[in-house]
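This report concerns pairs of charged side chains. Please consult the sequence and the structure as you read.

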Amino acid sequence: DNLDIKTIDSTVIIAVGAQGSFTISTDGGATFRQKSLAYSETFTRFEIDEGQRIIIRNSRGERRISNDLGNTWIYERLAFEAPLRGFKDWRNNSMMIDTLGGVFTMPFNSVEYFYQTLPEKRIANGLELVENEVLIPSSGGKLFVAPLPSPGSNAPWQYVVNPGAASLNQY
């Protein structure tokens with residue numbers, strides 16, 4: 001079963017799913033090759049970053065990263081377990097939300113995830129990483145918006161360190 005599908009351009013189509021399934025077409029869907037990543041896990045979603053980097057997530061939030069359209073993979077284990085709800089990876093920034101109101105972030109300038117809860121015990125309903133911001137819709141109709149650090153910056157995400165920081169806007 002395929003659980004997520006995306007296109008890179010008009011020629012490359014990729015799907016991931018159960019039992020380590022990774023399916024790719026490089027000719028616009030005329031033919032597909034199924035590759036097994038030799039994992040018995042389920043891949044729930046994936047992202048395609050700049051430079052055609054593929055980042056697959058399993059149900060535990062662990063990442064499988066390929067820089068060559070799935071020919072070779074880097075395996076990233078997490079040092080923690082959580083009931084994860086959603087994941088996003090963009091420009092070497094990584095973010096996960098759990099079902100308890102937790103937000104895990106790994107900025108591009110870090111090798112570890114930081115954890116925080118949203119203000120007022122809100123529960124994140126989703127997340128999106130866009131050009132320079134993180135958008136987190138939450139329970140109670142709130143939307144949290146925080147800036148992403150720029151590649152030239154060594155500053156951590158302020159909302160990770162201090163949820164009440166001025167850089168975390170609530171709408």
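Is Glu-47 buried or exposed? In this predicted model, Glu-47 has a relative accessible area of 12%. Glu-47 counts as buried because this value is under the cut-off of 20%.

Side chains of opposite charge can pair when their charged atoms come close. Glu-47 forms a salt bridge with Lys-88, with an N to O distance of 3.8 Å. This pair joins distant parts of the chain: Glu-47 belongs to strand β5 (residues 43-48) and Lys-88 to strand β9 (residues 84-90), 41 residues apart. Lys-88 is buried as well, at 14% relative accessibility.

## A second bridge from Lys-88

Lys-88 also meets the side chain of Glu-128 in a salt bridge, at 3.4 Å from N to O.

## The network and the total

The salt bridges of Glu-47, Lys-88 and Glu-128 belong to a network, in which Arg-45 is also linked.

Another salt bridge in the model connects Glu-62 with Arg-64, whose closest N and O atoms are 3.8 Å apart. Each of these two residues, Glu-62 and Arg-64, is buried. The count for the model comes to 8 salt bridges, among them the pairs Lys-88 with Glu-47, Lys-88 with Glu-128 and Glu-62 with Arg-64.

Conventions
Residues numbered from 1 in each chain as written. Predicted model: local features only at pLDDT ≥ 70, side-chain atom pairs only at ≥ 80, totals over all residues. Heavy atoms only, no water. Salt bridge = Lys/Arg side-chain N within 4 Å of Asp/Glu carboxyl O. Helix = DSSP H or I, 4+ residues; strand = E, 2+ residues; numbered from the N terminus. Buried < 20%, exposed > 50% of the residue type's maximum accessible area, 1.4 Å probe, protein only.
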